[in-house]
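The notes below are meant to be read beside the coordinates, one point at a time. Please check each against the model as you go.

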Amino acid sequence: MEDWAYGASWESGGSVECAPGGYAGSKSAYNNVTHRGINLLVETSFDKIPSEAKLGTSKDVLTIGGGHATDGYIPRNMRLCWVLTDVIQPWLTILNSDELPSSITEEVPVNVKWEAGGAFKIDTAEIVCLDAQGVNKCSSQEVTNLNVWHGGAKRGQILTEFSVPTSSGVAPGTSLRVKMRMKVDSGWRDPSRHEAFTGDPQSHFVRARSDPTWFAATGNSIIQGTEWWYSDNEVLQPRTGL
């Protein structure tokens, strides 16, 4: 079942339209983009009916260890479901937008606090300051090779510095849109991985977060891949040069 859920639609001849017991055949008509899903089978325990003492309690469900004796199969699987829900799509957000200056002086560093999720590893992240033409006018500290999950817990606030260099040529009073952006989980497509000889991964989950050429559409659903993920908020109209 797990293999079928992954390869049924992109592997040629993997599915057959059928209409059992009056079921509409059109509901089992698939194409090469409808599946491509990653199916995870979670075995709660080697023991199919573990003892109640091993199930855990509702105390500190989101805390790993959760008070030790209170942590068990159910809290652990609840956390697993939470992680899998989060990683459906990468995201990042600026946390201190209200604290940032409304005017940016050239060459004076500005600190941005931000948080990211929806991924396992941040390959690279930086701040961009976009003018009206979408051209980046700032110099940013670069964050690289950062695990989103660290020490058994999700990483919290990250601090990154940027400035607008004199050489940027930004005229005084110019409005800039300040955003965070990042690339994530590119290792899943690394040509050095042991299964790379079979080609690129075929799931939407992998390709949508790392391949800007990836596009799939069926019915009203569209998946457009991207390489850069941008913050869901921005610092609006900080002006340069006082």
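Predicted model: local features only at pLDDT ≥ 70, side-chain atom pairs only at ≥ 80, totals over all residues.

1. Helix α2, residues 73–86, is a reasonable place to begin: its 14 residues reach 20 Å from the first C-alpha to the last, which is close to the 20 Å expected at 1.5 Å a residue. The residues of α2 that are buried are Tyr73, Pro75, Arg79, Val83 and Asp86, and what covers them includes the strands β1 (91–94), β3 (110–117) and β7 (149–150). As background to reading such a list, an α-helix has 3.6 residues a turn, so residues three or four places apart point the same way.

2. The largest pocket holds about 290 Å³ of space and is lined by 13 residues, with Ile88, His204, Phe205, Ala208 and Ile223 lying nearest its centre. Both α3 and β12 (221–224) supply at least two residues each to that lining. Sorted by class, the lining of the largest pocket is made up of seven nonpolar, four polar and two charged residues.

3. Which residues have a positive phi although they are not glycine? Arg36 has phi near 50°, and Asp185 likewise has phi near 50°. For context, most residues other than glycine have a negative phi. Arg36 belongs to the loop between α1 (2–7) and α2, while Asp185 sits in the loop between β10 and α3. Arg36 has a relative accessible area of 9% and is therefore buried; Asp185, at 4% relative accessibility, also counts as buried.

4. Two serines in loops deserve a look. Ser210 lies between α3 (204–207) and β11 (215–218), and because its relative accessibility is 13%, Ser210 counts as buried. Once neighbours within four places in sequence are left aside, Ser210 is in contact with Arg189 and Thr226. Ser231 is placed in the loop between β13 (229–230) and β14 (239–240) and is buried, with a relative accessible area of 4%. Not counting residues up to four places away in sequence, Ser231 touches Leu92, Thr93, Ile94, Lys179 and Met180.

5. Apart from its neighbours within four places in sequence, Thr166 is in contact with Glu106 and Glu107.

6. How many disulfides does a search of the whole structure find? The search finds zero. Of the cysteines, Cys18 is partly exposed, at a relative accessible area of 39%, whereas Cys138 is buried, at a relative accessible area of 11%.

Key. Residues numbered from 1 in each chain as written. Heavy atoms only, no water. Helix = DSSP H or I, 4+ residues; strand = E, 2+ residues; numbered from the N terminus. Buried < 20%, exposed > 50% of the residue type's maximum accessible area, 1.4 Å probe, protein only. Contact = heavy atoms within 4.5 Å. Disulfide = S-S within 2.5 Å. 1 Å grid on protein atoms, 1.4 Å probe; cavity = no way out; pocket = protein on both sides within 12 Å on 5 of 7 lines; lining within 4 Å. Points joined across faces, edges and corners; volume = space filled by probe spheres on them. Nonpolar A, V, L, I, M, F, W, Y, C, P; charged D, E, K, R; others polar. Expected span 1.5 Å × (residues − 1).
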